[in-house]
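Visitor: I would like to learn how to read a few features of a model, one at a time. Could you give me the general idea before each case?

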Amino acid sequence: MDTVTVSPKYQVVIPRIVRERARIHPGERLHVICFDDRIELVPVRPMREMKGFLRGLDPAFVRDEEDRT
């Protein structure tokens, strides 16, 4: 797990290994999502890149009992 430091301007540098795995490039836009005490950065991708991303997904997925209410 990589650790980053928040600058006085509230900026962080995304570690290289994370940028490479997520294919993030300079100037790219990211969605910022906050879940309680956790922050997630999600790359904004064009819809044409989404073609086929569900291929191979098992349609027999069943939710956990606690999630059904």
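Visitor: Which residue forms a salt bridge with E28, and how far apart are the closest N and O atoms?

Guide: Side chains of opposite charge can pair when their charged atoms come close. The term salt bridge is used here for a side-chain nitrogen of Lys or Arg within 4 Å of a carboxyl oxygen of Asp or Glu. In this case the partner of E28 is R45, with the closest N and O atoms 2.4 Å apart. Before going on, please note that this is a predicted model, in which local features need pLDDT of at least 70 and side-chain atom pairs count only at pLDDT 80 or more, while totals for chains, interfaces and linings use all residues. Residues are numbered from 1 along each chain as its sequence is written, and side-chain values use heavy atoms, with hydrogens and water left out.

Visitor: How many salt bridges does a search of the whole structure find?

Guide: The search finds 2 salt bridges. Besides the pair of R45 and E28, there is one between E40 and R38, whose closest N and O atoms are 2.9 Å apart. E40 is partly exposed at 29%, and R38 is partly exposed at 44%.

Visitor: Which residues have a positive phi without being glycine?

Guide: Most residues other than glycine have a negative phi, and most peptide bonds are trans. Here Y10 has a positive phi of about 65°, and D36 has one near 50°. Y10 lies in the segment before helix 1 (16-22), whereas D36 is placed in the loop between strand 1 (30-35) and strand 2 (38-43). Y10 counts as exposed because its relative accessibility is 73%, and D36 counts as exposed because its value is 79%.

Visitor: Which residues make the nonpolar surface patch?

Guide: Patches are made of residues with over 30% relative accessible area and no salt bridge, where like charges are joined within 9 Å and nonpolar side chains (Val, Leu, Ile, Met, Phe, Trp, Tyr) within 5 Å. V4, V6, Y10 and V12 make a nonpolar patch of about 420 Å², the area coming from the Shrake-Rupley method with a 1.4 Å probe. V12, like Y10, is in the segment before helix 1, and V12 is partly exposed with a relative accessible area of 42%.

Visitor: How much space lies in the largest pocket, and which residues are closest to its centre?

Guide: Rolling a probe the size of a water molecule over the atoms shows where empty space is left. On a 1 Å grid over the protein atoms alone, a pocket is an open set of points where a 1.4 Å probe fits, with protein on both sides within 12 Å along at least five of seven lines, and lining residues have an atom within 4 Å of a point. The largest pocket holds about 360 Å³ of space, a volume being the space filled by probe spheres set on the points, which are joined across faces, edges and corners. Of its 14 lining residues, V12, I14, I39, E40 and L41 are the closest to the centre.

Visitor: Which element gives the largest share of that lining?

Guide: Strand 2 gives the largest share, 5 residues.

Terms used
Helix = DSSP H or I, 4+ residues; strand = E, 2+ residues; numbered from the N terminus. Buried < 20%, exposed > 50% of the residue type's maximum accessible area, 1.4 Å probe, protein only.
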